[in-house]
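Open your viewer and show the chain as a cartoon. Then follow the stops below, selecting as you go.

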Amino acid sequence: MVERYVMSIDQGTTSTRCILFDHGGRLVSVAQREHQQHFPRPGWVEHDAVEIWRNLQRVVPEALSNASVDAGQISAIGIANQRETTVLWDRRTGVPLSRAIVWQDTRTAPQVEDLRKQPGDEFFLEHCCLPPSTYFSAPRIRWLFDNIDGLERRARDGEVLFGTIESWLIWNLTGGTDGGLHITDATNASRTMLMDIRTLTWDEALMDFFGVPRSMLPEIRSSAESYGEARSVLPGVSITAALGDQQAALFGQTCFSPGEAKCTYGTGSFLVMNTGTDLVRSRHGLLTTVAYKIGDQPTVYALEGPIAVTGSLVQWFRDRLGLIHSAPEIETLARTVEDNGGCYIVPAFSGLFAPHWRSDARGVIVGLTSYITKGHLARAVLEATGWQTREVVDAMNADSALALKQLKVDGGMTSDHLLMQILSDVLDVPVVRPLVHETVSLGAAYAAGLAAGYWPDLQILRRNWHRAAQWVPDMDPERREGEYASWKRAVERSLGWIQPPEGS
């Protein structure tokens, strides 16, 4: 009998990966290509959507070839993607109308400040459960309309399509200008500031407010269902899942029950807790989001705390300060000291995300004395990730009756054992890492395989999950709370650094 596989396409912030998984959820083959990061001005981050599409066209055959597998052995395709990144393209030519504006981009900060004053946070929280932030797609669409001549008129005339990256890829995979499907899934739509999170439909009041015509928005579908067949790259193979990358990681970690949570530690970090079919509206600075929707089953919701800077703080320590030569060296350097020596680093390089949502914050190093060595600084870099996670967990515990019992972790930073121990110590819960690191890709594969009948149910996916490592708390409670209080004082000193222009 011919072995069959599920293909996962993980279109991330820095690269596009194609991975094949078997019935046991084991990785069979992987191919990956990085794409260029464009920084045309301070605070601006852009990608070339055409480059990303071309990379996808290259990694798919590469992954098949690496495993000596042909397209006929692929049961289904699932796509995970960097979420709020915004692409506008010409419906007739398929050409993007600007570079994609990436989720990290902060050019809409002045506009967002205006939104917080008028009509105010409550208007947006009521309609889409998201606070105004540079993080989301709708302010970017408005910015493009305001800054590209004739674009808004063309959008109103039906010539322009909008999508996050999964919409762009699915449109191209299913025919592009020749009848390509213009769709998104509920997890990605829930990050646009344009969707009613209760009904999973585009919200008229939000579309009117941002001036976004309905004709440019993709059709919202569930996260796992048959969308249609690919017509290029893998002709005839069904595309059956799409999820935003963090929701895909939650799914890949098999966090299917309310109260189960995962945190992905990469460039930034994203802590997501399943709240079940209950829509928990955050009062403590978290995002209420769609976790996933499987076919016509009820929508599952989540609370999310995005942290802007974690792994990128290690990169800064390496590339900008030159204190280490490779990222893994930070653990070795941090182990040369017993503690942080009273030094704290708050990495608010472009403001703070959850639970603060302060775009006026900037990074600070506090507690410097002549005693501090680069070892203490290295330890403070790792602890910054721990304390930022603690702030988000505290907010989650305050928002819901689902106190965190353990944290499942994934992402590149989880190879740092000292960091994992710091996390367990500051959170006072076990931290668990699974055998399969590629949880984003695995989650997209699981959702696609479920929709295609490759896996029968969620229980079989749970059985595929295996623990690779666990860290348990080993910190004196008094010390934990004392250091946390010092961290909070450090955060206060990062706030209000960027002053609004006079007269605004």
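A salt bridge is a side-chain nitrogen of Lys or Arg within 4 Å of a carboxyl oxygen of Asp or Glu. Keep that in mind for the first stops. This is a predicted model: local features need pLDDT of at least 70, side-chain atom pairs count only at pLDDT 80 or more, and totals for chains, interfaces and linings use all residues. Residues are numbered from 1 along each chain as its sequence is written, and side-chain values use heavy atoms, with hydrogens and water left out.

**Stop 1: a salt bridge across the chain**

Select glutamate 122 and arginine 281. Their side chains form a salt bridge, 2.4 Å from N to O. Glutamate 122 sits in helix H2 (residues 109-128), while arginine 281 is in the loop between strand E16 (269-276) and strand E17 (287-292), so the bridge ties together parts 159 residues apart in sequence. Helices (H or I, at least four residues) and strands (E, at least two) are DSSP runs, numbered from the N terminus.

Buried means under 20%, exposed over 50%, and partly exposed in between (1.4 Å probe, protein chains only).

**Stop 2: two loops joined**

Now select aspartate 178 and arginine 231. They form a salt bridge, with the closest N and O atoms 2.7 Å apart. Aspartate 178 lies in the loop between helix H5 (165-173) and strand E9 (183-185). Arginine 231 lies in the loop between strand E13 (224-229) and strand E14 (238-244). The two are 53 residues apart. Arginine 231 is partly exposed, at 46%.

**Stop 3: glutamate 225 and arginine 221**

Select this pair next. Their side chains meet in a salt bridge of 2.9 Å, N to O. Glutamate 225 is partly exposed at 22%, whereas arginine 221 is buried at 17%.

**Stop 4: a network**

Select Arg83, Glu84, Arg191, Asp245 and Glu304. Salt bridges link these residues in a network. Which residues does UniProt list for "binding site"? The unreviewed entry gives Arg83, Glu84, Tyr135, Asp245 and Gln246. UniProt positions are given here in the numbering used for this model, feature names are shortened, and annotations may be inferred rather than shown by experiment.

Zoom in on aspartate 245. It is in helix H8 (residues 245-252). Aspartate 245 is buried, at 12% relative accessibility. Setting aside neighbours within four places in sequence, aspartate 245 is in contact (heavy atoms within 4.5 Å) with Ala80, Asn81, Gln82, Arg83 and Val440.

Step along to glutamine 246. This residue is also placed in helix H8. Glutamine 246 is buried, with a relative accessible area of 5%. Beyond its neighbours within four places in sequence, its contacts include Arg83, Phe270 and Glu304. A polar contact of 2.7 Å joins the side chains of glutamine 246 and lysine 262. A polar contact is a pair of N or O atoms within 3.5 Å; within protein, one must be able to donate a hydrogen and the other to accept it, and residues adjacent in sequence count only if both atoms are side-chain atoms.

**Stop 5: the whole chain**

Zoom out. How many salt bridges are in the whole structure? A search finds 35. The chain has 15 helices and 23 strands. Its C-alpha trace spans about 65 × 65 × 45 Å along the principal axes. Of the 504 residues, 60% count as buried.
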